[in-house]
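Colleague: I'm new to this one. Could you walk me through how to read it?

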Amino acid sequence: MPDTPPSDESEVLAITSRFVRGRNLLFAQADFSQLYIDYYLHQKDNDLALTPEFDERLKAALALFSLHCVSRPRNEVLAWTVNFQRPLHNLFLAGDTGTGDVTGRIYTEGVKQAEENVFYQDLARRNREPHRSIVGFNGPDLIHAVEEFYKFSEQRPARFYQLEPDVFAILAAHPDYDENWFATATVEDIRTIEQTEEVVDLETRFVRWRCGCNQERILGALSAPFQNDPDDLFLGEELIEVNCPRCAAKHRISREMMEAYVADKGK
């Protein structure tokens, strides 16, 4: 995620990472209300509606994922899929630590039933093979799910806190960290950490709600099934509506558009 914000600063959220001296911990917190404004505009523009429960869950997931991204190296493309069995749904988050883009959605249809909840992370770096981490966890709590992922998959443990409805924080371990203080730190300890501990700034990164999906990408994703069986894709209709798998944005695609796209790519 860049050190300098994109040209339109109104669309980005600044998150400063800090180092807790004497505890050897990374600390960052942010008020995500600014990010949520763009999230709600996206929901409105695409006529998307979530239940209040799922809405709050996706907002919290966006905050935790953003804090995860700003604590990671800058050359990564990340995706989380968090499967909950009760109620049955998948949380999906995607982000690019180079651009600061984050997005996400909830799947309630076509979700696989299983004996336990599962947390997946897909990680891609330039000139490296993609890597997938898989961690099982119990219970409906999202923060617990993310902390279990850190515990069993990441090289360092981390804890996450919801300090206010839109304010979240991360506490991540560095080498030789104070394990006892880390394990017992309460919400109140995190709220007052800058008054009670020696905390110094490390860097500021910027995040924004952005998927990057567009009609060209959707046409490209549909080109193979269209060429294989156009009638099966369109089911006798001249126009279909396709939801982006990353952000659920709605794209209307016509048979004529598909034919033109395939013809142009075949030149």
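Colleague: Let's take helix H3, residues 142-153: how far does it reach from its first C-alpha to its last?

Modeller: Keep in mind that this is a predicted model. H3 has 12 residues and spans 16 Å, close to the 16 Å expected.

Colleague: And what sits at the start of H3?

Modeller: Look at Asp141: one of its side-chain oxygens comes to within 3.2 Å of the backbone nitrogen of Ile143.

Colleague: Which residues of H3 are buried?

Modeller: Buried means under 20% relative accessible area. In H3 that holds for Leu142, Ile143, Ala145, Val146, Glu148, Phe149 and Tyr150.

Colleague: Which residues touch the most other members in the largest nonpolar core?

Modeller: Phe160 again, along with Ile15, Phe32, Trp80, Leu91 and Ile170, out of 49 residues. Helix H2, residues 52-70, gives the most to this core, with 11 residues. Another core lies apart from it, with 15 residues, among them Val20, Leu163, Val167 and Ala173.

Colleague: Now Thr16 in strand E1. Is Thr16 buried or exposed?

Modeller: Its relative accessible area is 17%, so Thr16 counts as buried.

Colleague: What does the side chain of Thr16 join up with in a polar contact?

Modeller: The side chain of Thr204, at 2.7 Å. Beyond its neighbours within four places in sequence, Thr16 is also in contact with Phe27, Ala28, Asp201 and Glu203.

Technical notes. Residues numbered from 1 in each chain as written. Predicted model: local features only at pLDDT ≥ 70, side-chain atom pairs only at ≥ 80, totals over all residues. Heavy atoms only, no water. Helix = DSSP H or I, 4+ residues; strand = E, 2+ residues; numbered from the N terminus. Buried < 20%, exposed > 50% of the residue type's maximum accessible area, 1.4 Å probe, protein only. Polar contact = N/O pair within 3.5 Å; in protein donor to acceptor, adjacent residues only side chain to side chain. Contact = heavy atoms within 4.5 Å. Expected span 1.5 Å × (residues − 1). Core = buried A, V, L, I, M, F, W, Y, C linked by side-chain atoms within 4.5 Å.
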